Amino acid sequence: MTIYLPIAELPVNVFTLLAMGVAVGFISGMFGVGGGFLMTPLLIFLGVSPAVAVASVSTHMAASSFSGALTYWRRGQVDLQLGAVLLAGGLAGTLAGVITFKILRSFGQLDLVIAVAYIVLLGTIGSLMVVEGLGAVIRRRRGVKAPVARPGAHPLFLRLPFKMRFRQSHIYVSVIPVVTISFAIGFLGALMGIGGGFILVPALIYLLRVPTVTSVGTSLLLTLFTMFAAIIMHAVLNQTVDAVLGLVLMIGGTVGAQFGARAGQTLKAENLRLLLGLLVLAVGLRVAWDQIARPADLYSVIIDERTP
């Protein structure tokens, strides 16, 4: 069954969109990521313009994050205090990202910036996570315990002011790195159409030493609120949110995230990190290939939206 997307100006099969929503929602719930780093490229591959894909995928991430966060909430694996501090920086970053999105679009450079950002960001983060994940799996099979380091023992954390104790996560750390990380997540989320969970989860684990499961649940909570804010800002400032596309993705994402969150509870932490790293790296390589591969149409006509 084919439906027409009014803002994207594209006819698509509704079952294809639902399947994409379920699959990405499952991944979102399992790894504690918004899924935008995967859904946005998939929509672009489907023919949706990058501007509409980035803005509209926020609805899918908000829905799947809500579903996944609810599961972790019921299990007591969400740090509300840490989530509130993250949200302060995340909302500010989201606003900055939407404004930057609007400026780049007005200059006609949005598509290029999104593609390059995906290649650099996903390639770097994915490679680092794969290397660390493989090391953790090898250590576990050899029976070698990884050294445990608390953030308070790091000289950088000791020197920073405005420390706060997060009892749920068992950490005592300055709010400055917490807000800085969340600002970057919000900015990238609004600009690139990613929830930022694939960055936030490793940051919480490796920089702040938050337990893995708590990191996943808290990441989903932050993604929920920042993506909801991004939907409103993109709709008001850029008019690029396709409600029909977003609704179909939301339905699939909500269903998939419930199953993904349950599946994530059964995996070992190091396996979870390794799988996420492989997925992030694979998407980055796919985007890079599209930039160097010979296009099907060598010539195209682009209408400048700035002309009256």
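How close do the axes of H4 and helix H7 (residues 175-192) come, and at what angle do they cross? Select both helices: the axes come within 6 Å and cross at roughly 35 degrees. Keep in mind as you look that this is a predicted model. The crossing of H4 and H7 is right-handed. Colour the residues of this contact by class, and you get 15 nonpolar, eight polar and no charged.

Select H4 as residues 80-106 and helix H9 as residues 212-237. Their axes come within 9 Å and cross at roughly 30 degrees. Angles under 35 degrees count as roughly parallel, so H4 is roughly parallel to H9. This crossing, H4 with H9, is right-handed.

Now show side chains where these two helices touch. On the H4 side, pick out residues including Leu80, Gly83, Leu87, Gly90, Leu91, Thr94, Val98, Phe101 and Lys102. On the H9 side, look for Thr218, Leu222, Phe225, Ala229, Met233 and His234, among others. By class, the residues of the contact of H4 with H9 come to 15 nonpolar, six polar and one charged.

Time to move on to helix H5, residues 110-142.

With H5 still selected, bring H7 back. These two pack at an angle of about 135 degrees, with their axes 10 Å apart. That angle makes H5 oblique to H7. Zoom in on Ile114, Ala117, Tyr118 and Leu121 in H5, which meet Leu188, Leu191 and Met192 in H7. What classes of residue make up this contact of H5 with H7? Seven are nonpolar, with no polar and no charged residues.

Last stop: the record. UniProt, in an unreviewed entry, places the feature "transmembrane region" at several stretches, including residues 37-59, 80-101 and 113-138. Residues 80-101 are 100% helix and 0% strand, with end C-alpha atoms 30 Å apart. Residues 37-59 are 87% helix and 0% strand, and their end C-alpha atoms lie 14 Å apart.

Definitions and conventions. Residues numbered from 1 in each chain as written. Predicted model: local features only at pLDDT ≥ 70, side-chain atom pairs only at ≥ 80, totals over all residues. Heavy atoms only, no water. UniProt positions renumbered as here; feature names shortened; annotations may be inferred. Helix = DSSP H or I, 4+ residues; strand = E, 2+ residues; numbered from the N terminus. Axes fitted to C-alpha atoms, helices over the stretch in contact; angles between N-to-C directions. Parallel < 35°, antiparallel > 145°, perpendicular 65-115°, else oblique. Left-handed = near helix turned anticlockwise from the far one by under 90°. Contact = heavy atoms within 4.5 Å. Nonpolar A, V, L, I, M, F, W, Y, C, P; charged D, E, K, R; others polar. Expected span 1.5 Å × (residues − 1).
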